[in-house]
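User: Hi! I am new to protein structures and would like to learn how to read one. Could we go through a few features together?

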Amino acid sequence: MAEATIEPRVLLLRRFTSFVGSHPWDWTAGDVEDFTASLMTGTGRLAPSTIRGYHLTLRLFCDYLLDGRYGWVGQCEQRFGTIPSQVCHDYNTAAHLVEYEGKPSRRPFSYDEIETLFGFLDDRVEQVARSGRKGTLAALRDAQMVKTAYAFGLRRRELRFLDVVDLRPNPRMPGWGTYGAVHVRYAKSSRGSAPRRRTVLAVPEFDWVIGGLAQWVEQARPLLNPGTRSELWLTERRQRISPKTMDKRFAFLRHQAGLPAELTLHCLRHSYVTHLIEFGYPERFVTEQVGHSYASTTAIYTSVSNDFKTKTLQAALARVYDTNHNNDDNREEA
């Protein structure tokens, strides 16, 4: 396993041991219930998915202790006169009952909110540039970074780890140059595997992102004197932008634009999926664009607007009733 997997699991086991005040061979199912109750109360209450991850770590550790190949059961019985047991059961651990456990307040941006955000970003770049103060390049980077997240439906990690070489041409649209596709090398991994890769094609409805990317790569980014640095989103100190900075910058921009606090950077990805569906793109195409293994996962992200629902219903009514009307006319003529 990777260090990023091992370290937090070891820290959790030590935290649990400190909480219950006993060694692993003395743990009980009641200890898990008390620990869970502490995680679900107070101001620092954790999300159900986080608690379920904690339970999984405890379950895996107990399975390891009980595995006969390692001999811990015999050692505990010989040394302490007791043996460890599995303390995580169905009745005292969080079950994965629904596919999506995110906050109900999380939702896609509406079209008006997208226009408000992007309009504010453009105006801010112009205002900073006219003021003559430092920060014009940072303002332009923030604006283009946010627009790229939406135009290609990228996760925060995928957006952060983009390099200039990951900007690819689309053979069917040579006019877009090297900005017709984005090669994602750090997509979300599954079951401990390496990050998955995919190529996200630019779509005509979002072709406005092409000019912005070209401006950043060809005109603005060189002013940072990147040298041999390959990162697409560089800071003023010529470092790859950090996740914490991305979140702080987006929260600041969202607040300045007067948008609701529940709209996060990841909500732009939800918006991308929703809007592609509303534009009429096939479900399979959308699933491959965002890197989902199953269409059911893509469906979780989809929240089509009332206008789209109304148009879809109108089209269905017209198709059904026009067909029936035509059949009646044909029967009368016969």
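Predicted model: local features only at pLDDT ≥ 70, side-chain atom pairs only at ≥ 80, totals over all residues.

User: Is Ile-6 buried, partly exposed or exposed?

Analyst: Buried means under 20% relative accessible area and exposed means over 50%, with partly exposed in between. Ile-6 has a relative accessible area of 34%, so Ile-6 is partly exposed. Together with Met-1 and Val-10, Ile-6 forms a nonpolar patch on the surface, and the accessible area of the three is about 300 Å².

User: Now helix H3: how many residues does H3 have, and what is its reach?

Analyst: Helix H3 covers residues 48-66, which makes 19 residues. From first C-alpha to last, H3 reaches 27 Å, close to the 27 Å expected at 1.5 Å a residue.

User: Which residues of H3 are buried, and what covers them?

Analyst: Among the buried ones are Ile-51, His-55, Leu-58, Phe-61 and Leu-65. Their cover includes helix H1 (3-20), helix H2 (29-39) and helix H4 (72-80).

User: And how do strands in a sheet pair?

Analyst: In general, strands of a sheet pair through backbone hydrogen bonds, either parallel or antiparallel. Here, three strands make an open sheet, ordered S1-S2-S3, with antiparallel pairing. Strands S1 (167-168) and S3 (198-201) are at the edges with a single partner strand each, so one side of each has no neighbour in the sheet. Two bridges join S1 and strand S2 (residues 181-184), and Arg-168 has Ala-181 in S2 as its bridge partner.

Note on methods: Residues numbered from 1 in each chain as written. Heavy atoms only, no water. Helix = DSSP H or I, 4+ residues; strand = E, 2+ residues; numbered from the N terminus. Expected span 1.5 Å × (residues − 1). Buried < 20%, exposed > 50% of the residue type's maximum accessible area, 1.4 Å probe, protein only. Contact = heavy atoms within 4.5 Å. Patch = residues over 30% accessible without salt bridge, like charges linked within 9 Å, V, L, I, M, F, W, Y side chains within 5 Å. Areas by Shrake-Rupley, 256 points an atom, 1.4 Å probe, with all protein chains shown as cover. Salt bridge = Lys/Arg side-chain N within 4 Å of Asp/Glu carboxyl O. Pairing = 2+ DSSP bridges.
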